[in-house]
Amino acid sequence: MTIGRSAQTLPCLIQKINEKMNALELKSLESAVLKCPENSKTIKKPSDLASLIDHTLLKPEVTNGDIEELCEEARRFNFRSVCVNPVFVKEARKQLAGTGSSVITVVGFPLGANLTITKVEETNQVVKLGVNEIDMVISLGALKSGDYRTVYDDIRMVVEAAGSIPVKVIIEAGLLEEAEKIAACLLSVRAGASFVKTATGFSARGATMEDVRLIRAVVGNRAGVKAAGGIGDFQTACAMVEAGATRLGCSASVSIVTES
C-alpha cells in the first residue's frame, strides 16, 4: 500500500483493528508517564539533537571499557541517555552518576521470543539495578498470528513490573505488514507503554520515515515515538524528527552531533 493510499484509508483501518481489540475486552491502561511525554523540537544544528538521542551500544561483544567510553561520550556531548544491555546497567549508572544522562536497558532483546514470565523477571531485576527506562521487544510471532491478547498481556505485564519506569515497545517494523504495525502500536498504547519504537537494529532493517509517520499517526499524542536502527547522519536524524520521532536510538551519535 502506498503512503498516499494509506493516508486515505488509515482511520478506517485503525477503527477496524480497534474494534477487534474491543471485542477481546483489552482495556486501555494509563502510561507510567504523562500523555505525550515529549514534544518534537526544531533542529537547527547537529548539537540540537543531543537531548533526543539515546546513545546506544548493544553489540554482544561489548566490554566494560566500551561502556566507559560510551558513558564518557554521553557526558561530553550531553546525550539524553545511554542504552546498554542489562549486564551493564550497574556500571552505566556508576559512570553517569551526577550527570543529566539516564540509563536505558532492553528486555526480551533482540527477538522478543522469550516467555512473558522471563521478560517480567528481567524487568524486575533491572528495576532493582536502578534503570531509568526499559525498551522491550514485542512478541512478534503472536502479533503475526493475530493473537492480540497474548501481545497485549506480554506488554502489560512488563509495564506493570516496571511501575513508574517508562517502557518503550520495540515493534520491529521491518518485519511487519501495515495492519500489523497498526495493531502493534494500538496494543502498545492500550497496555500502558510510554513509547513505540521502530526497531532493534538487529533485524531486517531499521527506522524509516514512513514507519515513523505511521506510528505517530496511530499513537497520536498518547505515546512518544522512538526511531532506531540505521540512523547514521544528521540529515537522516532530522528527517526522523520531522516525521514525528521524539527520541532517537543511535550508535553513531557522536558523528551525528559533530557533523559539519
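Visitor: How many helices and strands are there in the protein?
Guide: The protein has 10 helices and eight strands. Please bear in mind that this is a predicted model.

Visitor: What is its overall size?
Guide: Taken along the principal axes, the C-alpha atoms fill a box of roughly 50 × 40 × 30 Å.

Visitor: Let us turn to helix 4. Which of its residues are buried?
Guide: The buried residues of helix 4 are K119, V120, T123 and V126. They cover an arc of only 130° around the axis, so they sit on the same side of helix 4. On the other side of this helix, I117 and K128 are exposed.

Visitor: What covers that buried side?
Guide: The cover over the buried residues of helix 4 includes strand 3 (102-107), strand 4 (133-137) and helix 6 (148-162).

Visitor: How far does helix 4 reach from its first C-alpha to its last?
Guide: Helix 4 spans residues 116-128 and reaches 19 Å, close to the 18 Å expected for its 13 residues. Just after helix 4, G130 takes a positive phi of about 95°.

Visitor: Is D154 buried or exposed?
Guide: D154 is buried, with a relative accessible area of 1%. K119 is buried as well, at 0%.

Visitor: Then helix 6 deserves a look. Which of its residues are buried?
Guide: They are Y148, V151, Y152, D154, I155, V158, V159 and A162. Seen down the axis of helix 6, these residues fall within an arc of 160°, so they line one face of the helix.

Visitor: Why would residues three or four places apart point the same way?
Guide: This is because an α-helix has 3.6 residues a turn.

Visitor: And the dimensions of helix 6?
Guide: Helix 6 has 15 residues and reaches 21 Å from its first C-alpha to its last, close to the 21 Å expected. Just after helix 6, G163 takes a positive phi of about 65°.

Visitor: Which salt bridge does D153 form?
Guide: D153 forms a salt bridge with R156, and their closest N and O atoms are 3.4 Å apart. The two are three residues apart in helix 6, which means a separation of about one helical turn. D153 counts as partly exposed, at 24% relative accessibility.

Visitor: How many salt bridges does the count come to?
Guide: The count comes to 16 salt bridges. One network of them links D54, E133, D135, K168, K197, K226 and R247.

Visitor: I also see K144. Where is its partner?
Guide: The side chain of K144 meets that of E180 in a salt bridge, at 2.8 Å from N to O. K144 lies in helix 5 (residues 140-144) and E180 in helix 7 (residues 178-190), so this pair ties together parts that are 36 residues apart in sequence. K144 counts as partly exposed at 42% relative accessibility, whereas E180 counts as buried at 16%.

Visitor: Changing topic: which residues have the most contacts inside the largest nonpolar core?
Guide: That core has 77 residues, and those with the most contacts inside it are L49, V82, V84, I138, I155, I171 and L248. A second, separate core of seven residues includes L58, I104, V137 and I170. In soluble globular proteins, nonpolar side chains tend to be buried together.

Visitor: What does I155 touch?
Guide: Leaving aside residues up to four places away in sequence, I155 touches M136, I138, V169, L187, S188, A191 and A193.

Visitor: Lastly, is K94 buried or exposed?
Guide: K94 is exposed, with a relative accessible area of 62%. Its place is in helix 3 (residues 89-96).

Note on methods. Residues numbered from 1 in each chain as written. Predicted model: local features only at pLDDT ≥ 70, side-chain atom pairs only at ≥ 80, totals over all residues. Heavy atoms only, no water. Helix = DSSP H or I, 4+ residues; strand = E, 2+ residues; numbered from the N terminus. Expected span 1.5 Å × (residues − 1). Buried < 20%, exposed > 50% of the residue type's maximum accessible area, 1.4 Å probe, protein only. Arc of directions from axis to C-beta. Contact = heavy atoms within 4.5 Å. Core = buried A, V, L, I, M, F, W, Y, C linked by side-chain atoms within 4.5 Å. Salt bridge = Lys/Arg side-chain N within 4 Å of Asp/Glu carboxyl O.
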